[in-house]
Structure formats: structure tokens, C-alpha cells
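Q: I am new to this structure and would like to go through it step by step. Could we begin with a helix and move on from there?

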Amino acid sequence: MLRYLLRRVLIALPVLLGISIIVFTLVVLQPGDPYVSMIDPNASPEQKAELLNRVGYYDPLWVKYLKWAGRAVTGDLGYSIQYGAPVSQIVASRVGNTVLLAGSALAITLLVALPVGIFQGLRRDTGRDLIISILSFVALSVPTFFLGMLLIKIFAADLRWLPSSGVVTVGADASGFAGVVDVARHLILPALTLATVNIAVCSRYLRTGVSEILGLDFVRTQFALGAKPGEVLWGSVLKNAAKPLITIISLEIPALLSGALLTETVFSWPGIGRLNFEAVQNRDYALLMGIIMFLAVITVVANLLADVIYAIVDPRVRVAR
Amino acid sequence: MSTTDTTPRVWHRLLRQPLFVTGASILAVIIAAALAAPLLTSFGPNEIDLAHLEAPPGNGHLLGTDALGRDVFSRLLHGGRISVLVGIAAVLLQVIIGVSVGAAAGYFGGRIDTVLMRFTEIVMCFPFYAIAITLAALFGASVWNVILIIGILNWTGLARLVRAELLSLREREYVLAARAVGARPLRVIGTHLLRNAYGPILVNATLAVAGGILAEAALSFLGLGVAQPDPSWGNMLTAAQSMRVLSSEWWLWIPPGAAIVLMVLAINLVGEALATTLAPRGGALLRDLQPRRALSANPIPRLSNRKRVTP
């Protein structure tokens with residue numbers, strides 16, 4: 001197991017290195033001078049050159065990369081001129097909101113997808129299964145931001161049940177229990193928006209898993225030996241059908257975090273996604289690189305985690321390669 | 001094993017599937033409407049009617065007008081042309097890159113395979129929207145840049161698929177025979193290997209068109225895709241970023257949104273039908289949504305495909 005883990009980590013390292021080089025090249029290619037807003041417009045050209053020299057503006061590309069990478073390893077992702085704060089600090093201040101949103105979406109996904117997927121697996125090819133399948137197809141076909149706007153139109157603008165944007169009601173200053181309720185009310189619509197596609201994906205996997213395992217020999221044998229349907233379902237079928245779900249969920253996490261960009265934009269949710277969009281609009285190189293690297297690292301780590309968890313629940317994988 | 005003699009049978013089987021017929025009919029109607037735009041509406045997509053600004057449906061404007069007095073129905077039809085063009089062109093690019101990389105890796109194996117697949121893994125770890133909006137800001141917003149961005153970032157699934165298919169095909173006897181008589185790699189790959197792997201490739205490419213249309217819509221909605229005054233379904237939706245339009249001017253944003261949903265749904269239906277006909281191992285959705293196992297070559301263990309025994 002330890003050897004398997006070690007090999008996975010060793011494969012992950014060059015991937016991270018490659019991503020960082022490509023991301024760096026990409027961001028440095030951006031047109032425009034990000035230091036314009038930093039320098040006093042009345043400064044003489046000599047002063048400007050001196051200042052730009054000091055921040056490393058004239059360094060060759062590879063020197064810039066090494067400087068950046070060296071600092072990044074120690075957690076220093078540079079300084080955002082636009083926000084006047086270290087990148088790691090800005091990212092850290094926003095990441096909580098995104099985790100809250102993505103976490104709620106994941107919880108909703110599981111709450112809905114588990115019963116629905118199991119039901120579909122047990123009743124495969126019946127009328128009700130077909131109806132749910134068609135609904136899944138529709139859910140997979142709606143752009144997240146359009147779904148978000150529809151929900152805002154219905155529940156915020158027309159019915160006035162829920163707020164349409166932000167995390168808390170501005171000026172309400174609610175604290176304690178009232179504060180939690182306030183955040184929860186703001187959370188419902190964006191979390192539902194983000195969860196919809198994932199519900200369709202996860203229930204689809206469960207449906208296939210459950211119905212296929214029901215047809216396997218060991219299940220038939222259990223029935224032949226007189227086991228009760230409930231026992232077989234909970235004992236053997238779900239245990240095996242849930243295995244691919246572990247992988248899918250750990251791989252959904254990076255997708256949820258980076259995919260929250262559109263949802264966060266539509267609902268003015270101050271998380272990583274919206275920060276990312278703002279960084280592009282402000283040409284904030286350092287911040288942009290920090291965010292992309294942050295998301296890429298999470299993707300790599302989640303992949304690693306998925307492999308390791310899978311190797312634990314299914315030992316065959318460890319020797320497979 | 002040649003494709004020609006199986007094609008009619010494939011068509012027959014497809015036409016018997018309600019999923020395929022429904023999806024293909026919707027597709028045909030949308031594409032025909034987009035192509036016949038000038039016949040269906042008397043307004044040009046950029047024609048300004050100063051007498052009717054942000055007018056609700058009526059006065060000859062089937063779906064009303066936008067803030068500049070342009071006919072929404074006309075922009076919807078012309079926007080369809082651009083959205084569908086972006087979806088298809090981006091997938092062509094994906095197919096070119098993905099099939100080349102996958103075929104080279106799968107056919108040659110060894111060090112070439114390692115290098116190409118490691119590179120594929122790197123691209124797979126890119127957070128799509130983060131990189132896409134960075135690229136869009138870098139190159140500017142235009143139809144061709146959107147196609148390039150979507151194509152360049154989304155070929156990895158196809159590459160891995162083609163590689164896996166080729167790995168399983170390349171030791172077949174007819175391939176060995178072809179190589180033994182001196183056929184060159186390109187010829188072996190083109191005439192023997194890819195031709196026998198066309199089913200999964202076609203399914204994957206079909207579903208990718210849906211993905212491309214969704215990505216175009218998202219980028220254009222953010223103002224980083226198809227730029228005004230060209231209409232696209234995505235950039236028509238940008239209008240709804242204003243709360244006033246969102247809550248009280250439905251004709252500006254519901255029609256393009258509904259068009260995207262219909263189009264993507266139709267493509268997904270066709271893809272699902274193609275998958276069950278051409279590559280009958282699990283549905284298209286399963287295949288397409290195969291999680292990104294970026295760092296691992298272990299596939300999710302496939303479950304047996306036997307018929308279910310009713311308990």
C-alpha cells in the first residue's frame with residue numbers, strides 16, 4: 001500500500017511542475033502592464049524604470065518563473081496590486097465561501113441522488129425509471145447560469161421567497177442563530193443550481209451500478225439461499241454499487257470548486273470563482289496565477305485521494321498495474 | 001469489418017430508437033430554422049427599430065426587441081448559426097488533436113506514449129473555466145478564439161479514448177498482417193485502426209458538441225466569448241445580468257436559454273442512442289461522464305454486462 005501511495009505521489013509531481021510552467025507562460029503573455037496603477041503618474045521615466053527594475057519587470061522569463069515557483073513552494077503566491085494584499089491571503093479569505101457553497105451542493109447531491117439512483121436501479125426500464133431518466137437528461141442539458149437565473153426569476157423576483165445575491169443581507173447585521181438562518185437563505189438557490197447537474201450524474205452511476213450488481217451470480221446465490229431482499233440490497237448490492245461513487249465524488253470536488261465560477265457570478269457569491277473572474281478583468285497576474293495553481297493543486301490532490309481511497313476499498317487496483 | 005456494409009444496418013437500428021428520432025428531429029428543426037433565418041424573419045439581426053426599444057412581443061416583432069431595438073427572434077435565429085458553428089468547429093479541433101495524440105500514443109507505445117499521456121494528464125488537470133477566461137482575456141473575445149479555446153482545452157478525453165481503443169486493436173491479426181506486408185504507420189492507423197474504432201469516437205464527438213455549445217454560452221455570457229454585435233445564444237443571455245431584465249423582460253433571455261437547453265438535450269439524446277447502437281457498453285452518459293482519472297491508468301473496473309435476474 002505504501003509503495004502504491006509513493007508511486008502515485010511521484011507521478012503527481014511532474015504533472016504539477018508542468019501545469020505551473022504552462023500557467024506561468026500563459027499569464028505572462030497577457031497584454032498590458034499591471035504596474036501602471038502602482039506607479040505615480042507624475043514620476044519621471046527614470047524613476048519608473050528604476051521601480052520596474054526593482055520588482056523584476058525586466059527579468060528574463062525563466063528567472064521570473066524560478067522566482068515565482070521558489071516563493072510559491074513556501075506558500076507565498078505573490079502580491080496582488082489590485083487588492084493591496086498577498087495573494088494567499090485574498091484566496092484564503094474567499095475560499096471559505098466557495099467551500100460552503102460547494103459543500104452544500106455536494107450534500108444536496110447525495111441526499112437526492114442516493115435514493116433516486118437506488119430506486120432507478122431497482123426499477124430499471126419501468127415507466128417511472130424512464131421519467132426520471134428524461135429528467136436527468138434535461139438537468140444535464142441546462143447551462144448552470146441559465147438555471148441560476150431561472151431560479152432567481154421565480155423564487156427571488158416573482159415569489160420573493162429568497163434573496164437573489166450575496167452571502168448575507170446587507171445592513172441586517174444579524175448574529176447568532178438569525179445570522180445562520182440569513183446565510184442559509186442566501187445559500188439555497190446557488191447550492192441548488194450547482195447541485196442539479198451532479199444529481200443527474202451521480203444517480204445515473206448508481207442506477208447502472210445497482211441494476212448490474214443485481215444480475216451478478218453472488219447476488220442470485222444469496223437469493224437462492226433464502227436471504228431477504230433488504231439484506232441483500234443493503235449488505236451486498238449497495239456496498240458494491242457505491243464504490244465508483246467514491247471516485248466520482250472525490251473527482252467532483254475540484255469540478256465543484258472551479259465550476260462554481262458561473263454560479264458565483266450569477267448570484268454575486270464572493271468566492272474563488274468570482275475572484276477569478278475579477279482577476280481576469282483587472283489583469284491581476286499574480287492573483288490569477290495563484291488561483292489557477294490553487295485549483296490545479298486541488299485537482300491533483302483530489303485525483304490522488306480518489307486513487308488511494310479506491311485502492312483501499314478495492315485492493316485489486318493496487319496490483320493491477 | 002469494413003464500415004460500408006454495416007452502415008445501413010446501423011441506420012435501421014438508429015431509426016427504431018425513439019431517443020434518436022426525437023433528438024434528431026429537434027436538431028433538424030433547430031438547424032433548419034437557423035439556416036433559413038432570412039426566410040423566417042424580415043428583420044436583420046442588427047437592424048435597429050428606434051420606434052420599439054425593449055418592446056415586448058408584438059408590433060411585428062415575434063419575440064420583442066432588445067435595448068438597442070434589435071429584433072430578438074431574428075437574433076435568436078442568427079445566434080443559433082453562430083452557437084452551432086462554434087460547437088461543431090470546436091469539436092472538429094478536438095477530434096484532430098485528440099485523435100492524433102491518442103493514435104500516436106496507442107500505436108507507437110513506449111516512450112512516445114509516456115510523454116504524450118503525461119502531457120494529456122497535465123491538460124486534464126487544468127481547471128476549465130479558470131484557464132478559458134484567462135485565454136479569452138489574452139486573445140480577445142471573438143468567434144474564432146472561442147472555438148480555439150474550447151478545442152484546445154477539451155481534447156483529452158478523446159485522446160485517452162482513442163489510445164485505449166488502439167491498444168486493444170493493434171495486436172489483432174489483420175493489423176499485424178498489414179504491418180508485415182510493409183504498410184506504413186499512417187496507413188495502418190488510418191485504414192485499419194481508426195476505422196474500427198469509429199463508434200466510440202463518433203459517440204464522444206457527438207456529446208462533445210453539446211459540451212462545446214454549453215461552453216460557448218458560458219464564455220459569451222461572461223462577455224469573454226462571441227463579441228457584440230454578432231449574436232450568439234450565450235451573449236444574448238448577458239442581458240439578463242441586469243436585475244430589471246431578469247425580473248420583468250423575459251423575452252430577452254428566456255428564448256436563447258430555452259434554445260440552448262433544447263439543442264443540448266437533442267444532442268445528448270442522439271449521443272445516447274448512438275452509444276447504445278455503436279458502442280453498447282453502458283450508456284453514452286456513463287461513457288462521457290467517465291471521471292477524469294488524470295493520474296491513474298486504472299479504469300474504473302467494469303461491471304459485468306449480464307442481464308439482471310429479477311429477485
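Q: What span should helix 4 of chain B have at 1.5 Å a residue, and how far apart are its end C-alpha atoms?
A: This is a predicted model. Helix 4 of chain B covers residues 72-108, and its 37 residues should span 54 Å at 1.5 Å a residue. The end C-alpha atoms are 53 Å apart, which agrees.

Q: Is helix 4 of chain B mostly covered or mostly exposed?
A: Helix 4 of chain B is mostly covered, as 26 of its 37 residues are buried.

Q: Which residue follows helix 4 of chain B?
A: The helix is followed by B:G109, which has a positive phi near 65 degrees.

Q: Where does UniProt place the feature "transmembrane region" in chain B?
A: The unreviewed UniProt entry places this feature at residues 19-40, 82-108, 115-137, 143-162, 201-227 and 250-271 of chain B. In the model, residues 82-108 of chain B are 100% helix and 0% strand, with end C-alpha atoms 38 Å apart. Residues 143-162 of chain B are 90% helix and 0% strand, and the end C-alpha atoms of that span lie 28 Å apart.

Q: Which residues of chain A does the "transmembrane region" annotation cover?
A: According to the unreviewed UniProt entry, the annotation covers residues 9-29, 99-118, 130-156, 187-206, 245-267 and 287-313 of chain A. The span 130-156 of chain A is 93% helix and 0% strand, and its end C-alpha atoms are 32 Å apart. For residues 287-313 of chain A, the model gives 100% helix and 0% strand, with 39 Å between the end C-alpha atoms.

Q: How many helices and strands does chain A have?
A: Chain A has 13 helices and two strands. Along the principal axes, its C-alpha atoms fill a box of roughly 90 × 55 × 35 Å. Of its 321 residues, 40% count as buried. Among contacts in chain A with a separation of 6 or more, 74% join residues 24 or more positions apart.

Q: Where in chain A is confidence lowest, and where is it highest?
A: Confidence is lowest in helix 13 of chain A (residues 316-320), at a mean pLDDT of 62, and highest in helix 4 of chain A, at 89. Chain A averages a pLDDT of 81, and 91% of the residues score at least 70.

Q: Changing topic, which residues touch the most other members of the largest nonpolar core?
A: They are A:I291, A:I292, B:A132, B:I133, B:V162 and B:A218, in a core of 159 residues. Helix 7 of chain A (residues 176-214) supplies the largest share of this core, 16 residues.

Q: What does B:A218 touch, not counting residues up to four places away in sequence?
A: B:A218 touches A:P143, A:F145, A:L262 and B:G234.

Q: Going back to helix 7 of chain A, why does A:V197 count as buried?
A: A:V197, found in helix 7 of chain A, counts as buried because it has 23 C-beta neighbours inside 10 Å, and the cut-off is 20 or more. Leaving aside neighbours within four places in sequence, A:V197 is in contact with A:A139, A:L140 and A:T144.

Q: Lastly, which residues does the cis peptide bond in chain B join?
A: The cis bond joins B:Q228 and B:P229, with omega about 5 degrees. Most peptide bonds are trans. B:P229 is in the loop between helix 11 (198-221) and helix 12 (233-237) of chain B.

Key: Residues are numbered from 1 along each chain as its sequence is written. Chains are lettered from A and ligands numbered from 1 in the order in which they are written. This is a predicted model: local features need pLDDT of at least 70, side-chain atom pairs count only at pLDDT 80 or more; totals for chains, interfaces and linings use all residues. A nonpolar core is a set of buried Ala, Val, Leu, Ile, Met, Phe, Trp, Tyr and Cys residues joined through C-beta atoms within 7 Å. A residue is buried if 20 or more other C-beta atoms lie within 10 Å of its own, exposed if 12 or fewer, and partly exposed in between; C-beta atoms are placed from the backbone. Helices (H or I, at least four residues) and strands (E, at least two) are DSSP runs, numbered from the N terminus. Two residues are in contact if their C-beta atoms, placed from the backbone, lie within 7 Å. UniProt positions are given in the numbering used here, feature names are shortened, and annotations may be inferred rather than shown by experiment. The expected span of a helix is 1.5 Å times one less than its number of residues. pLDDT is the predictor's confidence in each residue, from 0 to 100.
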